[in-house]
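Hi,

Here is the structure I promised to pass on.

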Amino acid sequence: MAGKLIGIDLGTTNSCVCVLESGDPRVIPNREGSRTTPSTVAFTDKGDVLVGHIAKRQAVTNPQRTLFAIKRLIGQRFDAPRVQEAKNRLPFPVVGAPNGDAWVRVGERDYAPPELSAIVLRNLKQAAEAFLHEEVTDAVVTVPAYFDDAQRQATKDAGRIAGLNIERIVNEPTAAALAYGFNKPGVKQTLAIYDLGGGTFDFTLMEMNDGVFEVLATSGDTFLGGEDFDQAILLMLVKQFHEKTGTDLTGDRMALQRLKEASEKAKCELSTLDKVDIRLPFIAQGPSGPLHLEASLTRDELEQMVGDLVELTLIPIKDALEQARKTAKDVDEVILVGGQTRMPLVQKCVKDFFGREPNRTINPDEVVAAGAAIQGAVLKGDVKDLVLLDVMPLSLGIETQGGGFVKIIPRNSTIPLRDARVFTTVTDNQGRVEIHVLQGERELAEHNKSLGRFDLINLPPLPKGVPQIEVAFDIDSNGIVRVSAKDLMTGLEQGMSIRPSSGLSELEIQRMVREAEANIEADEKRRDELKYIASAEGLIFSCDKSFAECGKYLNEEQQLFIRETLGQARQAVSSRDKAALQACEADLLETQNLLTEAVLAASEAMMKAMDEEGGLPS
Ligand code: AMP
């Protein structure tokens, strides 16, 4: 692991990248100088791929090709109820891929969510490289604690596609706790990390004891976040507008995008103001002309609208406390993470539940990336005396005869770990068993998430119940699972193949890596082109100015030549055509030379005129 290792918080709404410098985590600004980057990717009509603020800014005019909240889809099956729900809300089409996963359609092409997240990751990688003046290949990336195996795998795939080796996946709340407890030697505390971001809610209980961080329990909801608050406002605005004007905005994607942005803005403003006005002129066309949306919202009204959502966060909190056999009183410090925790109602709910003010000393937008950078430095050996003991967020097990689910690894087990259980056959002379690996908490296999299946074949013919088949689970520090099976009777570990029930195949990942690399070249080329065009634009501007002021000092033929050259160049610039610009480069240089002469002639003439008038003393 040479070079610097960066920590990335790949958020649903915003992402942030950090590095440990001189012993302290430092946020790396993006190319525009911002400390966080919207996790938004847009494909323009001209074939450009935009990332971050620039992508977000053009969302209103390009809603179907501006992709956000990809984290809600990553590693998810298309038919998952939560994906179906998200699909109805997102302005871009979400489709089922041949492997059953949720993908995103842009024009004629379907994109796997890891491919889209890779575009954001690559952008962050490039920002880090520009900032650190060196190539960056290694990263620690955070995920919600509640991400299951498929979601973690898919996040790792995104890293590979982006040319990043993800050294470790860390749970977001764990990263936040690391950032909080970093450089606090000798302190022993029970921490509660309440993380309400754009798309997910995570709650983690952790014990910090002199540099050892041990997760006690984690719980959460992968589909509860700030966007649900925005949606509540949006629905209220749509309803009010319908009542007032009789016009239903739900089918108008562009109007919905504007409403979404206005709703989020109003929500954020109501964290500091008591009342906001929402104005969206020309939101629709009515029978007698354009219609404008005008509404106002108070903080009280907002709190009534979203009170239930805030209350929903208490369910995972109670669950985690129970798992860890703790009560709210045992908690020494509550750390708030995620932009949505800026809402006063959220802070009040947390305060009421724990009976203490939450800690506000750390920036909720940056703390997760900071923790990832610290974990990166631990992996590199730059930070010592810091140990992280994380847990498995969901139980793991296999399907049994009749569709039941038997848990082998209970949730909240500390990782990394290995555990095994012995199974047997259910019929006489059974030559083969199928092992179906699942993750979840439900009693029936069909209600849990399928991670994959494999067959154990060529079992010796024996009466039922006699063969002993050991199924072993290996979970690494990333929370990623490997399963193997062994026939203890013959001592042979059978050849087996895991058929992933979702996710990208190796071939697909390789194709995406190749495409992403080809895109970098195309992007670089396009960036060079745009730079060249921009410098030509500057030249044309200054030539125009000199020509207007001093053109008369040139003869008619020269003036005609300059007019024609500048006209051609202007046309090439307006059609962003580098080749056409290059074709008139020599003439542009000649124009510049002629104009330098003209400027000189003009200043000589001015001097002469001043001399003749008796002018200034020499
Ligand atoms: P994150 O995923 O942590 O970047 O959180 C983003 C979420 O926080 C989005 O839903 C934002 O609308 C929300 N958010 C950001 N700032 C505020 C604020 N001042 N008040 C309420 N919500 C906010």
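How many bridges join strand 1 to strand 11, and do the two run parallel or antiparallel? This is a predicted model, by the way, so keep that in mind as you click around. The count is five bridges between strand 1 (residues 5-10) and strand 11, and they run parallel.

Strand 11 is mostly covered, with six of its six residues buried. In a regular strand, side chains alternate between the two faces of the sheet. You can see that here: Asp138, Val140 and Thr142 point one way, while Ala139, Val141 and Val143 point the other way, and all are buried.

Nonpolar side chains tend to be buried together in soluble globular proteins. The largest nonpolar core has 54 residues, and those touching the most other members are Ile6, Ile8, Leu67, Leu90, Phe92, Val104 and Ile161. Helix 3 (residues 113-132) gives the most to this core, with seven residues. Another core lies apart from it, with 51 residues, including Ala232, Ile233, Val238 and Ile283. Back to Leu90: leaving aside residues up to four places away in sequence, Leu90 touches Phe68, Ala69, Leu73 and Arg253.

There is also an open sheet of three strands, in the order 8-9-10, with antiparallel pairing. Strand 8 (94-96) and strand 10 (109-111) are at the edges with a single partner strand each, so one side of each has no neighbour in the sheet. From one strand to the next, the twist averages 45°. Strand 8 and strand 9 (residues 102-106) pair over three bridges, and Gly96 is opposite Ala102 in strand 9. Helix 3 packs on this sheet, where it touches strand 9 and strand 10, and its direction makes about 75° with that of strand 10.

Last, the ligand. It is surrounded by 13 residues, and the closest are Gly198, Glu264, Lys267, Ser271 and Gln340.

- Lys267: a polar side-chain atom lies 2.7 Å from an oxygen atom of the ligand.
- Ser271: an N or O atom in the side chain is 2.6 Å from a nitrogen atom of the ligand.
- Gln340: a backbone N or O atom lies 3.0 Å from an oxygen atom of the ligand.

Cheers

Notes
Residues numbered from 1 in each chain as written. Predicted model: local features only at pLDDT ≥ 70, side-chain atom pairs only at ≥ 80, totals over all residues. Heavy atoms only, no water. Core = buried A, V, L, I, M, F, W, Y, C linked by side-chain atoms within 4.5 Å. Buried < 20%, exposed > 50% of the residue type's maximum accessible area, 1.4 Å probe, protein only. Helix = DSSP H or I, 4+ residues; strand = E, 2+ residues; numbered from the N terminus. Contact = heavy atoms within 4.5 Å. Pairing = 2+ DSSP bridges. Axes fitted to C-alpha atoms, helices over the stretch in contact; angles between N-to-C directions. Near = heavy atom within 4 Å. Polar contact = N/O pair within 3.5 Å; in protein donor to acceptor, adjacent residues only side chain to side chain.
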